[in-house]
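Below are a few friendly notes on how the inside is packed.

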Amino acid sequence: MANGFIVHRNAGHPWDQRPGWDIMEVKAPNEAALSQFIAKAAQKLWQVWIRDNVGQASAVLYKPTRATSTWSDLPQTA
C-alpha cells in the first residue's frame with residue numbers, strides 16, 4: 001500500500017475476529033503525518049491496535065462497525 005489508508009468494513013475484531021468491527025490500515029510518509037492522521041481518526045472513534053515502531057510510519061486502527069460514541073475494549077473479568 002502506498003501512503004494512504006484502507007478501511008475493511010466488518011472485518012472482525014483484531015484479537016478474535018468477532019463480527020461487528022471495522023479495521024483501518026494506515027501508511028504515512030513520516031511519523032508526524034501518522035500521528036496527525038491518528039489524532040483525526042480518533043475524533044471519528046477509531047483506536048490504535050498496532051503502530052509500527054521501526055520507521056515504517058504505519059498503523060492499524062479499529063472500531064465497532066456502528067460506533068456513534070466513545071467506546072472501550074477493555075477485557076471483562078468475571
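**Notes on packing**

1. Let me begin with Ala57, which touches Val26, Lys27, Ala28, Asn30, Glu31 and Leu34, leaving out residues up to four places away in sequence (contact: heavy atoms within 4.5 Å). This is a predicted model, in which local features need pLDDT of at least 70 and side-chain atom pairs count only at pLDDT 80 or more, while totals for chains, interfaces and linings use all residues. Numbering runs from 1 along each chain as its sequence is written, and side-chain values use heavy atoms, without hydrogens or water.

2. Ala57 belongs to the largest nonpolar core, which has 10 residues, including Met24, Val26, Leu34, Ile38 and Trp46. Such a core is a set of buried Ala, Val, Leu, Ile, Met, Phe, Trp, Tyr and Cys residues joined through side-chain atoms within 4.5 Å; buried means under 20% relative accessible area, with a 1.4 Å probe and protein chains only.

3. E2, helix H1 (31–43) and E4 each give two or more residues to this core, and H1 gives the most, with 3. Helices (H or I, at least four residues) and strands (E, at least two) are DSSP runs numbered from the N terminus.

4. Apart from it lies another core of 6 residues, among them Trp21, Ile23, Tyr62 and Trp71. Trp21 and Trp71 are both buried.

5. The whole structure holds 5 aromatic pairs. The ring centres of Trp21 and Trp71 are 5.4 Å apart and their planes meet at 70°, so this pair is edge-to-face (Phe, Tyr and six-membered Trp rings pair with centres within 6.5 Å; planes under 30 degrees apart are stacked, over 60 edge-to-face, the rest tilted). Trp21 lies in strand E2 (residues 21–27) and Trp71 in the segment after strand E4 (58–64), so the pair ties together parts 50 residues apart in sequence.

Key:
Buried means under 20% relative accessible area, exposed over 50%, partly exposed in between (1.4 Å probe, protein chains only).
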